[in-house]
Every structure is written in C-alpha cells, then in structure tokens.
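Visitor: I have a chain on the screen and would like to learn how to read it. Could you take me through it feature by feature?

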Amino acid sequence: MTEKEKLMYRVMGRISESDAPIVFKGAMVTKFILTANGYTALDRQTKDVDANWVGTPPSMGDLVDVINRSLGDLQNQYVAVAFREYGEKKSAGISIRSKDADEEIFSMDISIKPVSGSMMYHYGEIGVRGVLVNEILADKLTVMSTRMLLRRAKDMVDIYALAHCVEVRTLEIFEMFKKRPDREVGAFAEFFTNRQDVEHAYNKLAGIERKPSFDDVYSYLENFLQPFTRRDEAPRVWNSRKLAWDEYASFLE
C-alpha cells in the first residue's frame, strides 16, 4: 500500500467514525475487502476515493463542511474544497488539499444516492464504512455486461480477485440487480464475442502489481459469468477451486 493510499484510508476512517451520512465504495473498499480476506495475489493501486451520500441531499457548502468537521485532528494538515457541484448523473467533486503546500493530495467523487446496505471494514485500527460486497459485484457485473467493459476493464480484475476470496451466491447478486432498477444488465455480448478488443483493453491496464495473464482472467470469468448471462437464478455458490457453481444445497452438506 502506498503512502498516499494510507492517508486516503485515514481520511476515510475519520469520516466513517463521524456522523456523516457517507458510505464508501470503489477501488479503496475493494482493496479493504481483499486485504481483510488475505488475498494478496495482486494489488491494484488507486488515486482517488469514491463514495455515496445517503442522506437528504445537502448543499455543496454543507457537504464540504461535514467532511471538514469529520477530519478531526487531520484538520491541522488538510482541508476539503469543492471543485465540482453535483447534479443529475454527476457526482460532487471534493479535493483533499494540504494546508502547508496548498496542493491536492487526492480527490473524492461523492454521488448523492442510496446504497443497498453497508458495513464496517477494518484495516489495522482504521474502520471504514463501505458498501456490501454483493453491491460491488453487481455494479461491476453490470459494467461487464455492456460495451462499458472496454472502458472499465479494471472491473474484470476486481471480479476475478473478489471471487477468489469471498462467498458469492447467485441469489444475492440477482437481488442486488432488482433493488436497483436503474442498473440495466446487458447480454455480456462484448465479453464473449469481442475477445480481441477486451484483451487489448485489459493489457492497457496499468497500476496493477502482479497482474494475472489475460488468458487466466478470461477463462476464469467465462465460467463465473454463466448464471448471469443465462439469467439463471437457481441458488448456487461459486467454487473458486473448481471454477464452477455449486448448487447451494450441496454446498451446505
């Protein structure tokens, strides 16, 4: 973990300890989950923070004030400044800046929308309030199901990594799809019929230490995606060792 990421976690931790109605998501929370589950096969670096404001929509001034108050003792060194107002289909942009050098350390994108649930994730003594794993997976599967995959090939890496270390149940993912009617799941046509372009997008990904080969990731996801491409909601649990879905009843035996 880089020094910048450690600071990002400290800021996220301060906000999570406060009464700010903010729930974190994105690469930093994914990294938390992988670390907590002992998955170290790869490390995807990130440079910013993503979150949702889950309360009554605030004014930009109030949003910035809430973040600054939540920083606690970090206010001596850092300050939150707005650089983009939120609107329809547009997140609020917040810059976390050093007071001494008056330079941006990292940015935060904060969407004004609800989440399907949250929990506290811990890294050492730092606790961060983040979205549930299944919401992360549902969001990334939605991306993979459309042409957006070519712009967000990093989601392939995240699904590959998460499916190696967390329990994934088909019913819970489909339930997440239903809770978000704005999340339209496509046919995964780009992934299955345009492998060459998908591979090109994957190979361009940077900032991933120990990135697995495209062939390994592609063959793994070919199996993982099957229930979602078929819209098969039968209760199954992903078996990462067998690269197959087990019937849930068999999994319990």
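Guide: Start with contacts along the sequence. This is a predicted model. Among contacts between residues at least 6 apart in sequence, 63% join residues at least 24 apart.

Visitor: What secondary structure does the chain have?

Guide: Eleven helices and eleven strands.

Visitor: How does the radius of gyration fit a compact globule?

Guide: Compare the value with what the chain length would give. With 253 residues, a compact globule would have a radius of gyration near 18 Å. The chain has 19 Å, which agrees. The C-alpha atoms fill a box of roughly 55 × 35 × 35 Å, taken along the principal axes.

Visitor: How many of the residues are buried?

Guide: Buried residues make up 48% of the 253. The cut-off is a relative accessible area under 20%.

Visitor: Which residues of helix α9 are buried?

Guide: Helix α9 spans residues 214-224. Its buried residues are Phe-214, Val-217, Tyr-218, Tyr-220, Leu-221 and Phe-224. Now look down the axis of α9. The buried residues fall within an arc of 165°, so they line one face of the helix.

Visitor: Now aromatic rings. How is a ring pair described?

Guide: By two values: the distance of the centres and the angle of the planes. In this model the count comes to 17 aromatic pairs. Take Phe-32 and Tyr-123. Their centres are 6.1 Å apart, with 35° between the planes, and the pair is tilted.

Visitor: Which parts of the chain does the pair of Phe-32 and Tyr-123 tie together?

Guide: Phe-32 lies in helix α2 (residues 26-36) and Tyr-123 in strand β7 (residues 118-123), so the pair ties together parts that are 91 residues apart in sequence. Phe-32 is buried, at 1% relative accessibility. Tyr-123 is partly exposed, at 30%.

Visitor: Can you show me a second pair?

Guide: Tyr-202 belongs to helix α8 (residues 195-203) and Phe-214 to helix α9, so the pair ties together parts that are twelve residues apart in sequence. Tyr-202 is buried, with a relative accessible area of 0%. Phe-214 is buried as well, at 4%.

Visitor: Which residues do ring pairs link into a cluster?

Guide: Tyr-160, Phe-174, Phe-177, Tyr-220, Phe-224, Phe-228, Trp-238 and Trp-245.

Visitor: Is Arg-44 buried or exposed?

Guide: Arg-44 is buried, with a relative accessible area of 14%. Its place is in strand β2 (residues 43-44). Next, ask what surrounds the residue. Arg-44 touches residues including Glu-5, Ala-27, Lys-31 and Asp-158. With Asp-158 there is a polar contact, side chain to side chain, at 2.6 Å.

Visitor: Where is Arg-129, and which backbone oxygens does its side chain reach?

Guide: Arg-129 is found in strand β8 (residues 126-131). Its side chain reaches the backbone oxygen of Ser-16 at 2.8 Å. The backbone oxygen of Ile-22 is reached at 3.2 Å. Other residues tell of the setting: Arg-129 touches Ile-15, Val-23, Phe-24 and Met-119, among others. Now compare sequence with space. Arg-129 and Glu-17 are 112 residues apart along the chain, and their C-alpha atoms are separated by 8.4 Å.

Visitor: Last, backbone angles. Which residues other than glycine have a positive phi?

Guide: Two examples. Phi of Phe-188 is near 60°. Phe-188 sits in the loop between α6 (170-179) and α7 (189-193). At 0% relative accessibility, Phe-188 is buried. Arg-231 has a phi of about 55°. Its place is in the loop between α10 (226-230) and β10 (236-239). Arg-231 counts as partly exposed, at 40% relative accessibility.

Methods: Residues numbered from 1 in each chain as written. Predicted model: local features only at pLDDT ≥ 70, side-chain atom pairs only at ≥ 80, totals over all residues. Heavy atoms only, no water. Buried < 20%, exposed > 50% of the residue type's maximum accessible area, 1.4 Å probe, protein only. Helix = DSSP H or I, 4+ residues; strand = E, 2+ residues; numbered from the N terminus. Arc of directions from axis to C-beta. Polar contact = N/O pair within 3.5 Å; in protein donor to acceptor, adjacent residues only side chain to side chain. Contact = heavy atoms within 4.5 Å. Phe/Tyr/Trp six-rings, centres within 6.5 Å; stacked < 30°, edge-to-face > 60°. Rg over C-alpha atoms; globule rule 2.2 N^0.38 Å. Lists of a residue's contacts leave out its neighbours within four places in sequence.
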